[in-house]
Amino acid sequence: MDEPPLLEVKGLNKIYDNGFHAVKDVSFSIKPGLLVGLIGPNGCGKSTMMKCINRLHTMSSGEVLIDGENVMESSHSAIARKVANVPAELKVSFGLSVFDTVMTGRYPYVTSLWWESSEDEKIVMDAMERFGIEHFANRQLHMLSSGERQRVLIAKAYVQEPRLMLVDEPTSHLDMKYKLEVMEYLQYMVKKDMTILVAEHDISLMARYCDLCIIMKHGELVTIGDPKKVITPKLIEEVYEVNASVGFDEDGELYVLPKRYRAKH
């Protein structure tokens, strides 16, 4: 018997008040236990679609189901117990310490006014140790490097114990070492009952770590599948209007080498 999907997106459309059609009739389903890359050029609808999935944006039409439940018929607190959001950058920290920032991930499980139970504290401390941020627990978030802040945001999402984690451009401001570190943390976090959807520009990085890739262009779904099968020079040219070499290194890992922009005449 096939495992039921964790996430189902059915005919999703998002049209802004100014008439811009950001997401156009997108449909797909994802099973649990996968690291999924969402890739495409700037403005293709990646971030908008993720915001529709967790109801940060109101979809114009369509359905999003998580574990078979329609998110539009669920309360925000119920969604927060299933879906965690990791933004590209936390713009305002209000002077919170690293510990307090991670602890806010436990908010969906609040049961009393004085809500930081000993269990909450243990979960947070374990997560901080797991992601290597325990030694600056009392430091304010704005004092950290970009790579350290990204680990804090991931730890915050981790303690939320979600079924689905939505991660928006986690490596956009990071150097090579931290790009790999963040992706390895995300790969480690995927469990048999949890899926992570990552919107990212680095195609080679997505091919290296993801089980599945969703490719978008102009708000539409171009293809979905194993990155080592669907990422080809033809696809790169179609989606990015760029000529590129696509190959495999000695370890069998796919890489994409952009060569030139294919100008339209």
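**Aromatic pairs and charges over rings**

Phe20 is partly exposed, with a relative accessibility of 45%. Tyr16 falls into this class as well, its relative accessible area being 28%; buried denotes under 20% relative accessible area, exposed over 50% and partly exposed the range in between (1.4 Å probe, protein chains only). The model is predicted: local features require pLDDT of at least 70 and side-chain atom pairs pLDDT 80 or more, whereas totals for chains, interfaces and linings use all residues. Residues are numbered from 1 along each chain as its sequence is written, and side-chain values rest on heavy atoms, with hydrogens and water left out.

Rings of Phe, Tyr and Trp (its six-membered ring) were paired if their centres lie within 6.5 Å, and classed as stacked for planes under 30 degrees apart, edge-to-face over 60 and tilted for the rest. Tyr16 and Phe20 are stacked, at 6.4 Å centre to centre with 10 degrees between the planes. Phe131 and Tyr158 form an edge-to-face pair, because their ring centres are 5.3 Å apart and their planes at 80 degrees. This pair links distant parts of the chain, 27 residues apart: Phe131 lies in the loop between helix 4 (118-130) and helix 5 (146-159), and Tyr158 in helix 5. Helices are DSSP runs (H or I, at least four residues), numbered from the N terminus.

Lys14 sits over the face of Tyr16, 5.1 Å from the ring centre. Arg208 lies over the face of Tyr209, at 4.6 Å from the ring centre.

Methods
Helix = DSSP H or I, 4+ residues; strand = E, 2+ residues; numbered from the N terminus. Lys NZ or Arg CZ within 6 Å of the ring centre and 35° of its normal.
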